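Here is a friendly walk through one model, site by site. Please keep the sequence and the 3D view open as you read.

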Amino acid sequence: MARRGINMPFLRAALSFPVLLLLLLPPGTEASGGTWCYATQDATCGPAHWKVLDHQCGGANQSPINVDRKTARRNMQVNLGSDISVSGAGLPAVYNALQFHFHWGKPNGNGSEHQLDGNQYPMEIHIVHMHSKYTDIKDAATDPNGLAVLGFFYKVSDTDNTNYNTIIDGLQSVSYSGDSVDLASTFRLDSLLPSENLLSRYYRYRGSLTTPGCAEAVIWTVFEDPIPISSSQLSAFVNSVHFSASGQTEVKMQDNFRPVQALNRRRIYASKQASMSSGAIPALSIVLLLFPLLAIRLL
Ligand SMILES: *[C@@H]1O[C@H](CO)[C@@H](O)[C@H](O)[C@H]1NC(C)=O
Ligand SMILES: [Zn+2]
């Protein structure tokens, strides 16, 4: 039997920290009809079946994708303000951070959703923002500019990234579906991210939520530089969280990522500072119209 689609731990960034760490439905789920899952939960409702549950998952502009730098175009409009605490700019409006969550793999495996030149990473964080004119994610999900999600990869480093201690300690308390915990200490979201000078290197494209209903309402920004965490920190995510509720048969939350989707007719833009392959084509000036300057505001 298919299990409920209760899949991703995420941190709900309220107006102010401290935040609540909980296992809940990811964004967009409530808008979709069917029961969905990852194949590690139940092969009959995994990503290959999502388009049956929600036709939008079979759309032409789905996420994640492989960011192939050979085909990326340089976006001349690179607008990282000095006041940014977290994120890139060049988005068509102000976006407020709603929540962030993680995708990962199996022990010693990869689990990022996006790929860079065909390379998958061990883990990926998504920081979900909503256009400031909306108060309900269901409304934002009907607008191609409704959501902006920032994605960062992780890489395994030799030393712990101590900025993750609060979250990783919190994982102990949210082992099972439905669990939640208030994180005792406050922290800044930007402390989880690469240093500010690396935040100007990113790729941008139009895509979707990566869980059903897969709404094609997301301006994606995928950053080039991975965030370092140690292998024991990575394994805290991979090994201590479960899809299942407490008391049910234990199913570890692993491989909670959607495979890459076809790019189709879409274009990927690289920020001015992002690395590109030598085969890359410079951006056309029309890009400037598509990406006017505005900053993301974080709550
Ligand atoms: C993870 O992806 C990298 C490429 O980024 C690859 O070299 C490595 O073999 C992959 N690891 C596994 C376990 O698949
Ligand atoms: Zn995600």
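## The zinc site

Three histidines coordinate the zinc ion (ligand 2): His101 and His103 through NE2, and His126 through ND1, at 1.9 to 2.1 Å. Donors here are N, O and S atoms within 2.8 Å of the metal (3.2 Å for Na, K and Ca), and water is not among the atoms, so sites may look incomplete. Along the sequence, the donor residues of the zinc ion (ligand 2) follow the spacing H-x1-H-x22-H. Histidine 103 sits in strand 5 (residues 95-104) and histidine 126 in strand 7 (residues 123-131), so this pair ties together parts that are 23 residues apart in sequence. Helices (H or I, at least four residues) and strands (E, at least two) are DSSP runs, numbered from the N terminus.

Are histidine 103 and histidine 126 buried or exposed? Histidine 103 is buried at 0% relative accessibility, and histidine 126 is buried with a relative accessible area of 1%. The word buried stands for under 20% relative accessible area, exposed for over 50%, and partly exposed for values in between (1.4 Å probe, protein chains only).

## How to read the model

This is a predicted model, in which local features need pLDDT of at least 70 and side-chain atom pairs count only at pLDDT 80 or more, while totals for chains, interfaces and linings use all residues; side-chain values use heavy atoms, with hydrogens and water left out. Residues are numbered from 1 along each chain as its sequence is written, and chains are lettered from A and ligands numbered from 1 in the order in which they are written.

## Two disulfides

The structure holds two disulfides, a disulfide being a pair of cysteine sulfur atoms within 2.5 Å. With bonded cysteines counted along the chain, the pattern is 1-2, 3-4. One of the bonds joins cysteine 37 to cysteine 45, with an S to S distance of 2.1 Å. The torsion about its S-S bond is about 110 degrees, so the disulfide of cysteine 37 and cysteine 45 is right-handed. Both cysteine 37 and cysteine 45 are buried.

Cysteine 57 and cysteine 214 form a disulfide as well, with their sulfur atoms 2.0 Å apart. Cysteine 57 belongs to the loop between helix 1 (50-53) and strand 3 (66-67), and cysteine 214 to the loop between strand 10 (202-207) and strand 11 (218-223), so the pair ties together parts that are 157 residues apart in sequence. Here the S-S torsion is about 85 degrees, so the disulfide of cysteine 57 and cysteine 214 is right-handed. Cysteine 57 is buried, with a relative accessible area of 5%, and cysteine 214 is buried at 0%.

## Backbone details in the loops

In the loop between helix 1 and strand 3 lies proline 64, joined to serine 63 by a cis peptide bond with omega about 0 degrees. In the loop between strand 10 and strand 11 lies glycine 213, and the peptide bond from proline 212 to glycine 213 is cis, with omega near 0 degrees. Cysteine 214 has a phi near 60 degrees, a positive value in a residue other than glycine.

Where does asparagine 264 lie? Its place is in the loop between helix 4 (231-240) and strand 13 (269-270). Phi of asparagine 264 is near 55 degrees, again a positive value in a residue other than glycine. Asparagine 264 is partly exposed, with a relative accessible area of 47%.

## A buried arginine

Arginine 204 lies in strand 10 and is buried, with a relative accessible area of 1%. The side chains of arginine 204 and threonine 221 are joined by a polar contact of 3.0 Å. A polar contact is a pair of N or O atoms within 3.5 Å; within protein, one must be able to donate a hydrogen and the other to accept it, and residues adjacent in sequence count only if both atoms are side-chain atoms.

## Around ligand 1

Which residues are around ligand 1? They are Asn108, Gly109, Asn110, Asn119 and Gln120, each with a heavy atom within 4 Å of the ligand. An N or O atom in the side chain of asparagine 110 is 2.3 Å from an oxygen atom of ligand 1, and a backbone N or O atom of glutamine 120 lies 2.7 Å from an oxygen atom of ligand 1. The protein covers 39% of the 370 Å² of accessible area that ligand 1 has on its own, with areas from the Shrake-Rupley method and a 1.4 Å probe; for residues, only the protein chains shown count as cover.
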